[in-house]
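Good morning, and thank you for joining this presentation.

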2 protein chains.
Amino acid sequence: MDITIAIDAMGGDHGTRVTVPAAVAYLKKHPDDTVVLVGLPDAIEAELSKLGFADRTRLRIHATTEVVGMDESPQSALRGKKDSSMRVSINLVKNGEASACVSAGNTGALMATARYVLKTLPGIDRPAIASFLPTVNGQVCMLDLGANVDCTAEHLLQFALMGSTLVSALEHKEQPTVGLLNIGSEDIKGNEVVKQAAELLQASDLNFYGNVEGDDIFKGVTDVVVCDGFVGNVALKTAEGVAKMMGGFLKEGFSQNWFTKLGALVSMPVLKAFKHRLDHRRYNGASFLGLKGIVVKSHGSADSFAYLCAIERAAEEARGGMLNHISEHVEKWHHARQQTAGEAL
Amino acid sequence: MDITIAIDAMGGDHGTRVTVPAAVAYLKKHPDDTVVLVGLPDAIEAELSKLGFADRTRLRIHATTEVVGMDESPQSALRGKKDSSMRVSINLVKNGEASACVSAGNTGALMATARYVLKTLPGIDRPAIASFLPTVNGQVCMLDLGANVDCTAEHLLQFALMGSTLVSALEHKEQPTVGLLNIGSEDIKGNEVVKQAAELLQASDLNFYGNVEGDDIFKGVTDVVVCDGFVGNVALKTAEGVAKMMGGFLKEGFSQNWFTKLGALVSMPVLKAFKHRLDHRRYNGASFLGLKGIVVKSHGSADSFAYLCAIERAAEEARGGMLNHISEHVEKWHHARQQTAGEAL
């Protein structure tokens, strides 16, 4: 299946300096796919000529005149910048010219614009942000990571359904296990929303594992971990903070004197493998799930390797037919629920 | 100031095997303090004679007949076990025979019993669980870590006040900085409760820094980080999970073959210092704040070194006159608020 990816070339802290090399790298890896670079043509052309990439058979520039700032409010981006690289990238998905889009632009503006342009899938109340994190034995899909600060139990169920479908589409797992993030494994723990969500999940056709706690995320206890966006965002950033602190401690320790530097030298293969295993760039690319189109958000500070990973994620979602899978899953579930309600009458 | 600490000798996964050696180690370090070991006398005596510790001038055994199970419900512990080592330890604080108590028993039962026996301080609606975590440049006091899953803005303000007082008492800082855990540093971010809490904190006499995010906890951005118990518990366990995973990756990497083992050998001082810096045992001892008495909860699986750290924490709180400080702080704040309300009329 040939994929066309729209890339918001201007988004992120580094704009075209990162997005254009990543797009070119993607094209070299995927000889059947096409990329549309959306943004200020001069900036894009300059970067392409720097890279010496002249082939235009699978690369197209879509000129726009505006750029959404990294600190710009969602309202300002949505109302004031109809010709922004961000907005037009999403438009290309909407009108079928692209299978998916990627942006490293600001999360609030991207979510608001994507939601406005693409709308949510039938049966989904709110889109959620999902990302993969490393675990001791692979990776885990966690959502929501910040789109929804207040959630109902029904929202959490919808997140579970979408996360489960994402893992199925990307990892080809039949029935991914779903954990509900809570503060204890017992059923009586947690707040009312989480308790109700556990009941809904139990009654659903998802492979519900039960409650999981913060440390279970990284043990790889389940394939999917579901929580509201406030808790998910705090957990994600806490994890990043601890990883950074520990990495810093190691670096500090190994660079103290000639003896510790010798240790680092001898341990180079171990330290390199350690760094690779936890390399957050490999996990770059958060999926906006629940929209009628595939939108992947790259970290604003991503380098071109990280950005390439985000493009890969978007392409995999398109190739895996994720949107259809979510729609089918939601429909099946609504149908089953209506039947149960009918029987109850 | 001579301190008497009541120790729930039976609590925790290992009971007297951990609590008694830790108590003896504490007495050796603090020649003026006294310890009351509360629990089944035979088990305590057996452990003491194993240690060859016969001196009873500063060590007293307080016999009880019951033990609260690690999985026992708070209700069952509270109603059914009035002569448990946990309950009686708290009673000793209540009637002034001990300055503080320590237990590694189950958190729910300990909090319910402590709250029932000691009651909350005037002006404090709910007790909170506070603990210290390592940061890049020291440590941070975080609360609530799981006592309150649903909080109002007013509760978060009270937590801030108590956390700030705890840091003042233990670290002798004049005006500890307080951060409010949120999902963005901007004022508009977060849920309604957090936004209201920010306003209350801004208007208080606390040294309010503003919003902090998950990764800021470990950067040591503030001395105190405040959040509701659901978010705090998830963040704490997430941090533990990441630290454990990273430690495991390192261990695995260094034990792969003779070359990596050589690397570990040469790097021993660095790896040892790294382990020490993150040693969770040094941070053992969560304070139950807001009660009319000092109660410190040790991790259930603590070893005797970790348990000793929890006893030290309890003693420091008593020595620092923490309860008086909290009471004074709350009173001052209520007074200021009433004045403001009076002026507004």
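A search of the whole structure finds 32 salt bridges over all chains, a salt bridge being a side-chain nitrogen of Lys or Arg within 4 Å of a carboxyl oxygen of Asp or Glu. Before I turn to individual pairs, a word on conventions. This is a predicted model, in which local features need pLDDT of at least 70 and side-chain atom pairs count only at pLDDT 80 or more, while totals for chains, interfaces and linings use all residues. Residues are numbered from 1 along each chain as its sequence is written, chains are lettered from A and ligands numbered from 1 in the order in which they are written, and side-chain values use heavy atoms, with hydrogens and water left out.

I begin with B:Glu213 and A:Lys237, whose side chains meet in a salt bridge at 2.2 Å, N to O. B:Glu213 lies in the loop between strand E8 (207-212) and helix H8 (216-219) of chain B, and A:Lys237 in helix H9 (residues 229-254) of chain A, so the pair joins two chains. Helices (H or I, at least four residues) and strands (E, at least two) are DSSP runs, numbered from the N terminus. Both B:Glu213 and A:Lys237 are buried; buried means under 20% relative accessible area, exposed over 50%, and partly exposed in between, with a 1.4 Å probe and protein chains only.

A:Arg277 and B:Glu252 also form a salt bridge, at 3.2 Å, N to O. Here A:Arg277 belongs to helix H11 (residues 268-278) of chain A and B:Glu252 to helix H9 (residues 229-254) of chain B, so this pair joins two chains. A:Arg277 is partly exposed at 29%, and B:Glu252 is partly exposed at 42%. The charged end of A:Arg277 also sits over the ring of B:Phe249, 3.7 Å from its centre; the criterion is NZ of Lys or CZ of Arg within 6 Å of the ring centre and within 35 degrees of the ring normal.

How are the two chains related? Chain B can be laid on chain A by a turn of 180 degrees and a shift of 0.0 Å along the axis, with an RMSD of 0.0 Å. That is the relation of a two-fold axis. Copies are superposed by least squares on the C-alpha atoms of residues with pLDDT of at least 70 in both.

Within chain B, B:Lys173 forms a salt bridge with B:Asp223, the closest N and O atoms being 2.6 Å apart. In chain A, A:Glu171, A:Lys173 and A:Asp223 are linked in a network of salt bridges.

I turn next to the aromatic rings. How many aromatic pairs does a search of the whole structure find? There are two over all chains, where rings of Phe, Tyr and Trp (its six-membered ring) pair if their centres lie within 6.5 Å, with planes under 30 degrees apart counted as stacked, over 60 as edge-to-face and the rest as tilted. The rings of A:Trp258 and A:Phe259 have centres 5.9 Å apart and planes at 90 degrees, so the pair is edge-to-face. A:Trp258 is exposed at 68% relative accessibility, whereas A:Phe259 is partly exposed at 36%.

Finally, the cysteines. The search finds zero disulfides over all chains, a disulfide being a pair of cysteine sulfur atoms within 2.5 Å. For A:Cys141, the nearest cysteine sulfur is that of A:Cys227, 10 Å away. A:Cys141 is buried, at 0% relative accessibility.
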